[in-house]
2 protein chains.
Amino acid sequence: MNNFTFYSPTYFAFGKGEEQRAGQLVKRFGGSRVLLHYGGGSAVRTGLLDRVKRSLEENGVSFTQLGGVQPNPRSGLVYEGIELCRRENVDFVLAVGGGSVIDSAKAIAAGTIYEGDFWEFYQGKSVEKALPVGTVLTIAAAGSEGSPDSVITREDGMLKRGASGEALRPVFSILNPALTQTLSPYQTACGITDMMAHLFERYFTTTKEVEVTDRMIEGLLLALIHEGPRAVADPDNYEARANLMWAGMMAHNNSCGVGRNQDWASHDIEHELSALYDCAHGAGLAVVFPAWMKYVYKKDVMRFAQVAVRVWGCSMDFANPESTALAGIAAFEHFLTSIGMPTRLSGLGAREEDIGKLAHTACYGNGRQGHIGGFVCLQQQDVEQIYRLAL
Amino acid sequence: MNNFTFYSPTYFAFGKGEEQRAGQLVKRFGGSRVLLHYGGGSAVRTGLLDRVKRSLEENGVSFTQLGGVQPNPRSGLVYEGIELCRRENVDFVLAVGGGSVIDSAKAIAAGTIYEGDFWEFYQGKSVEKALPVGTVLTIAAAGSEGSPDSVITREDGMLKRGASGEALRPVFSILNPALTQTLSPYQTACGITDMMAHLFERYFTTTKEVEVTDRMIEGLLLALIHEGPRAVADPDNYEARANLMWAGMMAHNNSCGVGRNQDWASHDIEHELSALYDCAHGAGLAVVFPAWMKYVYKKDVMRFAQVAVRVWGCSMDFANPESTALAGIAAFEHFLTSIGMPTRLSGLGAREEDIGKLAHTACYGNGRQGHIGGFVCLQQQDVEQIYRLAL
């Protein structure tokens, strides 16, 4: 196991009705002038935004609003938010929404108190300071409610890039599973896929002797495999939603990823798809991840056999571990199909003729040196072949 | 799943040599005049204490010292520490040792800035404020390095009682697995048993639909079953020590215990043993927990069958789930024996004639109302029978 630091100081308020604590928690964590940041219809339509505003008012917290965050959140709105926060002397950013809203809020929080262009953080500069961010989560998927990460898409060139830094961990996150009951089966399945991807990115490692984090990841995957289809089949199932919501946080706050190198090539490969075609990140991952697995599994057949046996319930073929490894990948792909995810590029509206460009940007985009991935180091021609495996 | 809050703001520095960061971390978290609190021989003998002192000096942090913490830490030394901290205007307590040292440090940290008697916190008063506590952990077991809990034994009457409160979470904890390589196989096995007990106390719940935390607990147990015997057989195995150390923290910081009621009767029943006979807490748990399981398993046979199948690898007897449940308990007991733990009261030097008194104190000791346990509510005669099952 490698040396590591782990610091997850987010305060989580979890359960029915917890959004009523938003105002109290903003105050507890030092906010007095809030930017209330959200997406579009659903937070307004369901009355959630009004409940949050009421909670702020009841606690004497003033606020200004900025809605309109799109999936794959854009840099344009971030610049707008930064200007607004500076003008209004905002000291706290409260995100009401899913990963896109939270990521946009984090970018605004970092950018507001930075003299340069916030985009520098998305070109590799570490985020040392930001306004405090709180969240009221409405989609269990991205894990951004407990992570030090943010992903933003820059309109000129449709570049999708990530920033990271301890200052980006939310100071509090309110997780009410009932808020996710309005999600469609498709949105729910995208979320489940994203969570599984966060776990697999950590699982496939070259670090030896990491049994404790292996077992935690496997446990979370098993829970997702059990709860995911229940939430897809019955969107109103509170208990399934609750299990998914905590799993989504645990999958990405890195308590199960510490001390091991991680991969993240599939995320990089996917980001090019959702940036170019504006597809859902989870759907993109459903296409990319099985293809990545098929391309790289020979690097460590026994690790792929392990996940096949422990997570997918495959029998171990002791005479031919490779067949077990492949059976696990097939089981994953079958699971994705069963919850309604595409597993082919055509399902995203992606075009074969774009593959060269996609692979090039994935490997040479902002700050990258021609290769991606920590488990297997992939170059442009490898990435092209992975895209082709998903045709 | 029940509503819950989860807040674990401890900064963890994990790995070889990390104790060199002690001074830097004390400063980061606001300390300038430190009480350095430790036990007896080993931290001095191994040179660890000198390395920590050097790190404090290099960072311009002044300190005063108080050693002599015993296993089952005593109230007398806590009073001494409180007086010392007040006299020396200490603003930070740094524990160098295992759970006993950390628990003693937490008691001193809370008591120093409290006007009343610190023991009130161990009679049920919640700890709202305390001096910040940092830890350099030398035994993976108690989980106190990441928990909001502390257990102290009061000399008059040998009462062992716990306190709790967010203010008792360490602000940082340094976890260097190499420091645990000096532990004997017996001490190591006690630690493994304590970690497993922390997981089982959470696992046995009456809350329905808690698959995600079930799976996390099972994963941690599986890792302990794999790594524990490796560390007992080869105390110098750094990798096994590292896995155990992170598992010990995760087993008790409650990320796998949220949203579900928990039991904790076995800890209460054990505390009477280690208070009266001054045995190791882990050894006491090895005696109590299997007996508790045998006494209560009929409350939820399928939950006991689940852990038997998922954790102990038993085959499910679909015609007779009770036999599977019992096979799991037997497997646990066999595991404890295999790592050198006692599973009978005689192995602790406990006497049959004390059982009545032990059971009475467990149920009626400070603040208790004649019953203990969240999974099954136990009264004095139940506790007596559990002790008798361990004869």
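Which elements of chain B do the buried residues of helix 14 pack against? They pack against helix 9 (265-277), helix 10 (281-296), helix 13 (355-364) and strand 11 (378-379) of chain B.

This is a predicted model: local features need pLDDT of at least 70, side-chain atom pairs count only at pLDDT 80 or more, and totals for chains, interfaces and linings use all residues. Residues are numbered from 1 along each chain as its sequence is written, with chains lettered from A and ligands numbered from 1 in the order in which they are written.

**View 1. Helix 14 of chain B.** This helix spans residues 380-389. Helices (H or I, at least four residues) and strands (E, at least two) are DSSP runs, numbered from the N terminus. B:Asp382, B:Val383, B:Ile386 and B:Tyr387 are buried. Seen down the axis of helix 14 of chain B, its buried residues fall within an arc of 140° (directions from the helix axis to the C-beta atoms), so they line one face of the helix.

View 2. A:Thr5 lies in strand 1 (residues 4-7) of chain A. With 14 other C-beta atoms within 10 Å, A:Thr5 is partly exposed. Buried means 20 or more such atoms, exposed 12 or fewer, and partly exposed in between; C-beta atoms are placed from the backbone. Beyond four places in sequence, A:Thr5 touches B:Tyr11, B:Phe12, B:Ala13 and B:Phe14. Contact means C-beta atoms within 7 Å.

**View 3. Surroundings of B:Val96.** Leaving aside neighbours within four places in sequence, B:Val96 contacts B:Leu36, B:Tyr38, B:Ala43, B:Leu48, B:Leu49, B:Val52, B:Val101 and B:Val136.

**Confidence.** The predictor gives the complex an ipTM of 0.96 and a pTM of 0.97. Chain A has a mean pLDDT (the predictor's confidence in each residue, from 0 to 100) of 96.

Methods: Contact = placed C-beta atoms within 7 Å.
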